[in-house]
Amino acid sequence: MEYKITLSTEEIVRGLKHYRRIAKQDVLRSPETPNPEVFRRHAEARREVYAQLAEIAELHGPEEVVGQALNLYQALPFVTGTAEDAYPEIKGKENALENFFLMIGLDPKVRREARKARKPVE
């Protein structure tokens with residue numbers, strides 16, 4: 001897949017840290033939600049992805065972090081259409097990666113191609 005990255009490593013890391021702080025706030029406020037355990041697991045999964053992507057960006061740069069993010073996205077099982085409280089970790093990771101793609105301005109066509117490569121949940 002071809003993609004063009006216009007953000008620097010510093011900009012990517014700064015954006016990921018912002019997203020990570022939001023996920024941390026969601027973890028902290030999970031007890032106040034209708035389904036605290038699902039909400040917490042979703043937020044923790046997002047936080048984990050943001051930390052992983054920030055580490056890749058710092059070590060290898062923008063091109064590598066985008067490539068790895070696309071690989072992670074393709075490796076996720078496709079769970080769209082399942083019950084709202086089902087698969088919170090997978091949905092959290094998916095949400096985090098999609099937020100990342102929006103942040104870097106990834107062409108929606110590239111994301112759609114990666115999404116099509118995903119297999120349904122077993």
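Which element gives the most to the lining of the largest pocket? Hold that question for a moment. First, a caution: this is a predicted model.

Now the answer. Helix α2 gives the most to that lining, with three residues. Helix α2 covers residues 36–60. Two elements give two or more residues to the lining: α2 and α4.

Here is the lining by name. N35, V38, F39 and H42 are among the residues there. E84, D85, P88 and K91 also line the pocket. The lining divides into three nonpolar, two polar and three charged residues. How much space lies in the largest pocket? About 200 Å³.

Next, the helix pairs. Keep your eye on α4, which spans residues 88–104.

Start with α2 against α4. Their axes are 7 Å apart, and the angle is about 45°. The two helices are therefore oblique to each other. Which hand does this crossing have, left or right? It is right-handed.

Who makes the contact? On the α2 side, V38, R41, H42, A45, R46, E48, V49, Y50 and L53. On the α4 side, P88, E89, K91, G92, K93, N95, A96, L97, N99 and F100. By class, that contact has nine nonpolar, four polar and six charged residues.

V38 and H42 of α2 are in the contact with α4, and V38 and H42 line the pocket. From α4, P88 and K91 take part in the contact, and P88 and K91 are in the lining too.

Helix α3 runs over residues 62–75. The axes come within 10 Å and cross at roughly 145°. This crossing is left-handed. From α3, the contact residues are V65, V66, A69, L70, L72 and Y73. They meet E94, L97, E98, F100, F101 and I104 in α4. How do these residues divide by class? There are 10 nonpolar, no polar and two charged.

Helix α1 takes in residues 9–29. The axes of α1 and α4 come within 11 Å, crossing at roughly 140°. So these helices are oblique to each other. Their crossing is right-handed. I12, G15, L16 and Y19 of α1 make the contact with N99, F100, M103 and I104 of α4. The classes are six nonpolar, two polar and no charged.

F100 is in the contact with α2.

Terms used
Residues are numbered from 1 along each chain as its sequence is written. This is a predicted model: local features need pLDDT of at least 70, side-chain atom pairs count only at pLDDT 80 or more; totals for chains, interfaces and linings use all residues. Side-chain values use heavy atoms; hydrogens and water are left out. Axes are lines fitted to C-alpha atoms, for helices over the stretch in contact, and angles run from 0 to 180 degrees between N-to-C directions. Helices (H or I, at least four residues) and strands (E, at least two) are DSSP runs, numbered from the N terminus. Angles under 35 degrees count as roughly parallel, over 145 as roughly antiparallel, 65 to 115 as roughly perpendicular and the rest as oblique. A crossing is left-handed if the near helix is turned anticlockwise from the far one by less than a right angle, and right-handed if clockwise. Contact means heavy atoms within 4.5 Å. Ala, Val, Leu, Ile, Met, Phe, Trp, Tyr, Cys and Pro count as nonpolar, Asp, Glu, Lys and Arg as charged, and the others, Gly among them, as polar. On a 1 Å grid over the protein atoms alone, a cavity is a set of points where a 1.4 Å probe fits but cannot get out, and a pocket is an open set with protein on both sides within 12 Å along at least five of seven lines; lining residues have an atom within 4 Å of a point. Grid points are joined across faces, edges and corners, and a volume is the space filled by probe spheres set on the points.
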